[in-house]
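Please keep the sequence and the coordinates at hand while reading.

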Amino acid sequence: MSTATKYNQTVKWPNDNFVCRVIDESFAPSKASGNPMITLTFETVGMLKNDNTTTDEVDIGGEDFMIAGVKLVNYYPTIVLDGDGINTEKTKKAQARVAELYEKFNLDASINFENPVLAFKGKSVMVYLQDEAKPKRRSPTKEQLDAGIREGEIVLNPITREPVIDHWPKLNRIYGLAV
């Protein structure tokens with residue numbers, strides 16, 4: 001039985017190659033921008049070793065952590081809207097990114113960007129994940145909200161006076177389907 005500690009956000013994520021599986025997929029407008037987008041939820045399967053096998057336990061700073069099952073979400077807009085309708089330049093870039101996504105998953109490249117066929121769920125891909133550090137923030141005060149500031153001050157550890165930081169894996173690159 002493993003003695004590895006389950007990964008948690010207080011530990012810096014290792015920048016490395018991993019295998020991730022898509023566990024959920026959807027197509028809907030963004031709640032913030034209204035842009036139609038593909039949303040993929042991934043979970044880590046394991047760190048990819050040089051021989052293309054995976055390990056679900058990783059040494060981080062001298063301690064073993066179980067990194068399988070950590071979830072991350074990526075968003076892929078298919079059309080980019082602005083105040084005047086469709087932003088053609090940004091939409092072209094977004095659609096090229098979506099086309100590359102379909103290619104990496106070996107899916108049909110004839111994509112209807114207004115209603116794409118989703119066939120990602122259950123597929124595993126080799127990816128590069130990197131650490132994304134985010135400081136914890138207080139809730140904004142009424143004065144901050146009135147001034148258009150949507151985030152409060154950074155939370156400090158009361159003993160060390162250092163910022164409290166959460167670490168999350170961020171999908172940097174998809175190489176292709178896992179073998």
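## A buried ring and its partner

In this predicted model, Phe 120 has a relative accessibility of 0% and therefore counts as buried, the cut-off for that class being under 20%. Tyr 102, at 4% relative accessibility, counts as buried because it falls under that cut-off as well.

The structure holds four aromatic pairs. One of them joins Tyr 102 and Phe 120 in an edge-to-face arrangement, with 5.0 Å from centre to centre and 80° between the planes. This pair links distant parts of the chain, since Tyr 102 belongs to helix H1 whereas Phe 120 sits in the loop between H1 and strand E10 (124-135), 18 residues apart.

## Helix H1

Helix H1 runs over residues 88-104, and at 1.5 Å a residue its 17 residues should span 24 Å, which agrees with the 24 Å that separate its end C-alpha atoms. The buried residues of H1 are Thr 91, Ala 94, Val 98, Leu 101 and Tyr 102. Seen down the helix axis, the buried residues of H1 fall within an arc of 95°, so they line one face of the helix. In general, an α-helix has 3.6 residues a turn, so residues three or four places apart point the same way.

The buried residues of H1 are covered by elements that include strand E3 (36-48), strand E7 (71-77), strand E9 (85-86) and strand E11 (165-177). On the other side of H1, by contrast, Glu 89, Lys 92, Lys 93 and Glu 103 are exposed.

## An aromatic cluster

Tyr 7, Trp 13 and Phe 18 form one aromatic cluster.

## A three-stranded sheet

Three strands form an open sheet in the order E1-E6-E5, and their pairing is mixed. Strand E1 (5-6) and strand E5 (57-60) are the edge strands, each of which pairs on one side only. Between E5 and strand E6 (residues 63-66) the pairing is antiparallel and extends over four bridges, and Asp 59 stands opposite Asp 64 in E6.

Definitions and conventions: Residues are numbered from 1 along each chain as its sequence is written. This is a predicted model: local features need pLDDT of at least 70, side-chain atom pairs count only at pLDDT 80 or more; totals for chains, interfaces and linings use all residues. Side-chain values use heavy atoms; hydrogens and water are left out. Helices (H or I, at least four residues) and strands (E, at least two) are DSSP runs, numbered from the N terminus. The expected span of a helix is 1.5 Å times one less than its number of residues. Buried means under 20% relative accessible area, exposed over 50%, partly exposed in between (1.4 Å probe, protein chains only). The arc is that of the directions from the helix axis to the C-beta atoms. Contact means heavy atoms within 4.5 Å. Rings of Phe, Tyr and Trp (its six-membered ring) pair if their centres lie within 6.5 Å; planes under 30 degrees apart count as stacked, over 60 as edge-to-face and the rest as tilted. Two strands pair if DSSP finds at least two bridges between them.
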